[in-house]
Amino acid sequence: MTTRWTAVRVMRDRTAGRCLTAVVVSGFGTSALWLASGVWVKDLTGSDGLAALCLLAMWAPTLAGPLLGTLADRHRRRLLLITLSLLMAALLLTLCAVDGPGELWLLYAVLFVYGAAGTVHDAAESALVAGAVDGSLLGDFNGLRMTANEGMKLLAPLAGAGLYTAYGGPGVAVLDAASFLAAALVYLSLRLREERPAPRRKDGRSATAEGVRHLWADPVLRPLVLAGGVTMLCAGVSGALTYAVVEDLGHPPAYAGVLYAVQGAGSVAVGLLSGPALRRLGARRFAAYGIALLAVAVALRAVPYDPVAWACAAAIGVGLPAALIAALTSVQRRTPGPLLGRVTATANTLVFTPNVIGLAAGAVLVELLGQRVQLIVLGVVLGVTAAVLAGQRPDSADRTAARSASDASPA
């Protein structure tokens, strides 16, 4: 009943519903390309290293998130989202020219631009939603956005693999281009009145620093973003140990797909429930409870027993997104509109970059320490993070601001 009410509450809002539709449409194409690009390079070259460079090319631009986020503050967000979507639709079609190792430079170049455009796109979309959607809906919207993204991760790779098998890499590129074109049409259908951004008075470096200063100075945002970064670092190390965990269970590597599916189901569930949970608990406690659940689940992965592994996968799927949803929603609520693009992009860089570092560290450490020791240590680190976050100043005012008028005044 609660989850259905949450979904209806968002979809009845014209702007929120259409923005969510654009996320689903473009996310489907992105997830499909993410899988197919590596397979494409592997087929053309036979090199695992060159295939892995696809992920690096898409991820590397996020390191420049604080700088790229300034673009979302210097232009009207709706127009910027339309322009970026059309640009990517046109750029992806150039991948139809890739038919041998000699054209791989084009694929890497497109993926790099794809990652940079995605960083700006996410910042502009967050700012657009924060300015156009009622504040009481932000938690619900971000939760459903998480649900949509996780759903795409379960469905889109299968569709991309099938399309790649039938039509090769160009077929997947055309699918992704079509998804961006559809997203552009959805953004075009939005009826918003955006104020013209103020004339630029600072150079790029000063404007970027302004967003970083706001994030660091806010007593609510700073601990949430730092806790999110630590959480994603630990999640990256834990994710790198998945195949070692599967081997310890006595199953073949393909069994990891079962655990990922269970984890995805947990993420879908918490996405549907996050709006009501944020209104009841506030962002700080919601994130702390999620990280605490994640701590227990990660530590118990050291137990080589199938039912425990399934329960841990589901708990990880619930706990990990809680910290991300709480941080993003708080950034939207506590950041002035003119700064929101920069602050969102900076927060995304601080939260998601440690995940890649954790993946690399986990891949190295598993050979030195084994997975059980690492999982227990990670559980302790996450538990301390949850305790520190829970011990921060109560955010009752933030929780009250997150409620609608009817929520705050039951009478």
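Reader: Among the contacts in the protein with a separation of 6 or more, what share comes from residues 24 or more positions apart?

Author: This is a predicted model, and its contacts can be sorted by how far apart the two residues lie in the sequence. When the contacts with a separation of 6 or more are taken together, the part contributed by residues 24 or more positions apart is 85%.

Reader: Is Leu86 buried, partly exposed or exposed?

Author: A residue counts as buried under 20% relative accessible area and as exposed over 50%, with partly exposed in between. The relative accessibility of Leu86 is 42%, and Leu86 is therefore classed as partly exposed.

Reader: And is Gln374, in helix 15, buried or exposed?

Author: Gln374 sits in helix 15, made up of residues 371–390, and, neighbours within four places in sequence aside, it is in contact with Val237, Leu241, Gly362, Leu365, Val366 and Leu369. Its relative accessible area is 4%, so Gln374 counts as buried.

Reader: How many helices and how many strands does the protein have, and what percentage of its residues count as buried?

Author: The secondary structure consists of 17 helices and 0 strands. Across the 411 residues of the protein, the percentage that count as buried is 51%.

Reader: Are helix 12 and helix 13 roughly parallel or roughly antiparallel?

Author: Helix 12 covers residues 283–300 and helix 13 covers residues 306–334, and the two pack with their axes 7 Å apart at an angle of about 155°. Because an angle over 145 degrees counts as roughly antiparallel, the relation of helix 12 to helix 13 is roughly antiparallel.

Reader: Which classes of residue make up the contact of helix 12 with helix 13?

Author: The residues of helix 12 that take part include Phe286, Ile291 and Leu294, while those of helix 13 include Cys312, Ile316 and Ile325. Sorted by class, the contact of helix 12 with helix 13 has no charged residues, 3 polar and 19 nonpolar.

Reader: What part of the accessible surface of the protein belongs to carbon and sulfur atoms?

Author: The accessible surface of the protein comes to about 18200 Å². Of that area, the part belonging to carbon and sulfur atoms is 67%.

Notes:
Residues are numbered from 1 along each chain as its sequence is written. This is a predicted model: local features need pLDDT of at least 70, side-chain atom pairs count only at pLDDT 80 or more; totals for chains, interfaces and linings use all residues. Side-chain values use heavy atoms; hydrogens and water are left out. Helices (H or I, at least four residues) and strands (E, at least two) are DSSP runs, numbered from the N terminus. Buried means under 20% relative accessible area, exposed over 50%, partly exposed in between (1.4 Å probe, protein chains only). Contact means heavy atoms within 4.5 Å. Accessible areas come from the Shrake-Rupley method with a 1.4 Å probe; for residues, only the protein chains shown count as cover. Axes are lines fitted to C-alpha atoms, for helices over the stretch in contact, and angles run from 0 to 180 degrees between N-to-C directions. Angles under 35 degrees count as roughly parallel, over 145 as roughly antiparallel, 65 to 115 as roughly perpendicular and the rest as oblique. Ala, Val, Leu, Ile, Met, Phe, Trp, Tyr, Cys and Pro count as nonpolar, Asp, Glu, Lys and Arg as charged, and the others, Gly among them, as polar.
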